[in-house]
Amino acid sequence: MNNYAFLLRMAFCILIIANVSTCLAKVTADNYLAEYVKLAQTLPSAPLIDREIMLNKSAIKQVLLSPSGDFLIYQKEEGHQDDKLVSVWRYDIKLKTQKRLFIYQSLQYIYLSKSGDKLILNTGDSIAIAESKAASSPIVLTRFDQTKYEDWLGFAADNDHSLLMRKWQPTDKYYYVERVSFSGSRTDIFRSDVLFNGFNVDEYGQPAFLRVFNQADDNKGEHFIYQLNKDKKVLRFTCQWDDPCGVVKFDRQQEAFLLKTNANSNFTYLARLSSQGQLTVIQQDPNLYGDLNNVHWAKNQPVVTQYFGEYDQYSAIDDRLLKHTDFLNKQFSQQDFYLQLPHNISLDRQLNDGVWLISAVSNSVQEQHFLYHLKQQKLEPILLQVVKAANQGRQLIKDEYLAPRISFHYANRDGQHIQGYLTLPRGKTIANTPLVAFPHGGPWSRDDGSFDMMAQFLANRGYIVFQPNFRASTGFGKQHHSGVSGDFGYGRTHFDIIDGVNYLLKNNIGDKDKLAMAGHSFGGLSVLTALTFEPELFKVGFAGAPPSHIGRSAKYYYRYQKKKFGQSRKYFMQQLVVDWHDDKAYKALTAIQPESHIERIQAPLLLWAGKNDGRVFITDVKNYALTAQAKEKSIQLFVDPNSAHSPSSRVSFSAYLFLMEATLGHYLQQAVEPIKVMEHKALYRFLKKNLVLETETYLSHYVH
C-alpha cells in the first residue's frame, strides 16, 4: 500500500468510524512502523487531559452471557469509584430491555450458576447468592479468610445448586472441603493434611481429584494431580515446575482427564489423559505462537480454545466452527477481544440459532459489546444505549483523543524475535519526541493488546511509549517464559529492553537525547538497572515498588508466601532467579544488581513505595534511596502510607501519576498538569506529607 493510498483510506475510515484505533486495526495488517509514524504525525493533537479523567473507567463492567444465551448480566458502578458500590442488571436479549436486580458493595466478580438462574457474588472474603430473574436481596452463603488458607474452589461438578469451599480447621490441623448448598446447608465431603489448590467432585458427587504441591523437602517444584477413589488417592499426572498445568475436566466413567499442560512441548495446550496414562494432544495453537489461555464449551464438550499472542486468537476444536473463529479473528484483528458461549446449549443448536457474546477491549476506555449470530455470521452491536446512559455525566477520555497503539517485533542481540507494543502521541514529529521505555512487572507477566491507561496517559503528555514483552514474559511459550535464569538485572531481560529502544531509535522513532524509563515492581528493577548500567542513555527514571536486588526480594517473597498462603514457589524462584543457598551463584547475581553499583547512576530518579508492601519490602527501597543520597545522587522517595505493592485508592493513583509526569516532564521538557492547591487539597496534602526524601525541589514547580 503506497503512502497516499494508506492515508486516503485512513481518512475515509476516520470519517466513517470516528475511531482512530479501530481504523488502525482494519487498515494496517502489515504493521509497518513507518506508516504508523506517518499516521500519528498527521492526527490532530489531543489536549492535555486531566489526571482524574484518565483514571475514570466506564461505569459498565463484567458483562456476562447466560448459559442459555437469552440474557446478559452486567455490573454498573454507582457513585464514586472509591465507594466500591455497584448495581447488578439483567438485560433480555430478545426484548432488548434491562432491569436492576440489586445493589451490592465490594463486589469483585459475578458467576452464573450452570442453569443461569442464580448469581454467585464473590467479594474476596465472602460468597453470596442472588436470583438472576427477578430483583432480590443477595444472601451471604459463607465467609472465608484467605490468611487462613480458606478460599472458594468453584461450583460442584455434579449439580447446579452447590459450591465448594476450602476451610482450615486449627483443632485437628486439616484442610476440609465443604459443600455449601444454595439453601445454606453445609457438608464436609473431604479432608487433607496438606494444603491443596485444586479439587472437585465427579458427576456422582464423589471426590474426584486433588492438585497439590510436592511437599517433600527435596521437591523440585512439582504439582501432583491425584485421582480420588473413595479412601484412596492415585497419582495420575505430575506437573513439572515450569508447567502451569491444571485440570479442565474429569470424567469418572472414562477415568479420563482434560488437562491444560505444556508437558513435552514449548507451548501450553489442551490434552486428554486416558485411564492408562496416555497423554493425547486435543489442540494447541495452530500458529505455534502462544499458550492456551481458555477453553469454551457447548453442552459439556470443548469446542473453542483461546490462545495468547500479540492479541487474543481463537481456534475451533470442532471443524464446524472454523469459519466462525476465522471470521472473528479477522474482524477483531490487531485488538484483544473476549468471547463467551452459551455453554448450556448444544453445538447443533448454537449453529442453528445461537448467539455468542464478543467484548472488544482494545480501542476505547469503554468496552464495545457485540452479539455474534452464528447462522447469519453477523455481528450486532449491543448495550450501546446502556453504556451511554451509564456514563452520562462521567468524564471519560474521548476516543478521538486516544493515541494509536500497535504491536510490533524486533530482533534482540541473540537473534530472537521479541514482541512489544508501541504507543505514538498524536500530532508530534516522532523523530524528535521523547521516548519512555515502560517494561511490565513480574517478570512472569506480560503486556497485552487491551486498553492501557498508563500508555495513553504518557502519550497524552507527549511521549512515545514502548512496552516490550522481553524474555520471561508469559504467553509466548516455555522457552520464552523460563529460558532466562540467573541474570535478572544486567542480563538478558535488560538487553531485550535496550535492544528494543535501539531498534526504535534506528527507525527514527524517538529522540536519542530524550529517553526515559518508567516501571513498577520488576519494571521498577528494570528502571534501576537501566539507569545504573546505561548511564549515558537515559535522562531520567521513575521506579514504582522497585526491588534493588532481585535475589534478596525473591528470598523474602518466598518466606512471605509461605507464611501467608502456606505454600510457595521456592523451587521456581531458585531455578529462575537464584538459589540463595548457593553462595557462588548469589554472589554472581549480586554483581549485576543495580544496588551494587549505585555510584554509576547519573540521571535523576524518583522512587515510589507502598509502606505495607509484602513483595518488595519498604526497608529495601529506603536503604537504596538513602545510599543513593549519601552518594550525592538526585533521588526522591515517596512512601504511600496506605498502600501495599500498588496504589490502593483514588488519591494514591492520582499522586502516582503526578509524581511520574512531573519527574519525566521536568527533565524532558514535556507537559505537566499542575496541582492547583485550592482545587486539589487532598492530593496536595497527601503528596506533601509523604514525600520523605527530596534531594531536588522540582516537584514544587508544578504546585500552584
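## A partly exposed aspartate and its partner

In this predicted model, aspartate 414 counts as partly exposed, at 48% relative accessibility. Its salt-bridge partner is arginine 471, with the closest N and O atoms 2.9 Å apart. Aspartate 414 lies in the loop between β28 (405-411) and β29 (417-423), and arginine 471 in the loop between β31 (464-469) and α9 (478-482), so the pair ties together parts that are 57 residues apart in sequence. Arginine 471 itself is buried, at 8% relative accessibility.

## Other salt bridges

The model has 23 salt bridges by count. One of them joins arginine 461 to glutamate 661, the closest N and O atoms being 2.9 Å apart. Glutamate 661 sits in helix α16 (residues 650-668) and arginine 461 in the loop between α8 (453-460) and β31, so this contact ties together parts that are 200 residues apart in sequence. Arginine 461 is buried, with a relative accessible area of 2%. Glutamate 661 is buried too, at 1%.

Arginine 552 is in helix α12 (residues 550-565); glutamate 595 is in the loop between α14 (583-590) and β34 (605-610), and the two are 43 residues apart. Arginine 552 is buried, at 16% relative accessible area. Glutamate 595 is partly exposed, at 28%.

## Aromatic pairs

The count of aromatic pairs comes to 38. In one of them, the ring centres of phenylalanine 196 and phenylalanine 199 are 6.3 Å apart with planes at 50°, so the pair is tilted. Phenylalanine 196 is buried, at 0% relative accessibility. Phenylalanine 199 is buried as well, at 4%.

Phenylalanine 209 and phenylalanine 257 make an edge-to-face pair, 6.2 Å centre to centre with 70° between the planes. This pair links distant parts of the chain: phenylalanine 209 is in strand β14 (residues 207-213) and phenylalanine 257 in strand β18 (residues 256-261), 48 residues apart. Both residues are buried.

## Cluster and charges over rings

One aromatic cluster is formed by Trp241, Trp444, Phe470, Phe488, Phe522, Tyr571 and Phe572.

Arginines also sit over tyrosine rings. The charged end of arginine 191 lies over tyrosine 174, 3.9 Å from the ring centre. Arginine 405 lies over the face of tyrosine 421, at 4.5 Å from the ring centre.

Note on methods. Residues are numbered from 1 along each chain as its sequence is written. This is a predicted model: local features need pLDDT of at least 70, side-chain atom pairs count only at pLDDT 80 or more; totals for chains, interfaces and linings use all residues. Side-chain values use heavy atoms; hydrogens and water are left out. Rings of Phe, Tyr and Trp (its six-membered ring) pair if their centres lie within 6.5 Å; planes under 30 degrees apart count as stacked, over 60 as edge-to-face and the rest as tilted. Buried means under 20% relative accessible area, exposed over 50%, partly exposed in between (1.4 Å probe, protein chains only). Helices (H or I, at least four residues) and strands (E, at least two) are DSSP runs, numbered from the N terminus. A charge sits over a ring if NZ of Lys or CZ of Arg is within 6 Å of the ring centre and within 35 degrees of the ring normal. A salt bridge is a side-chain nitrogen of Lys or Arg within 4 Å of a carboxyl oxygen of Asp or Glu.
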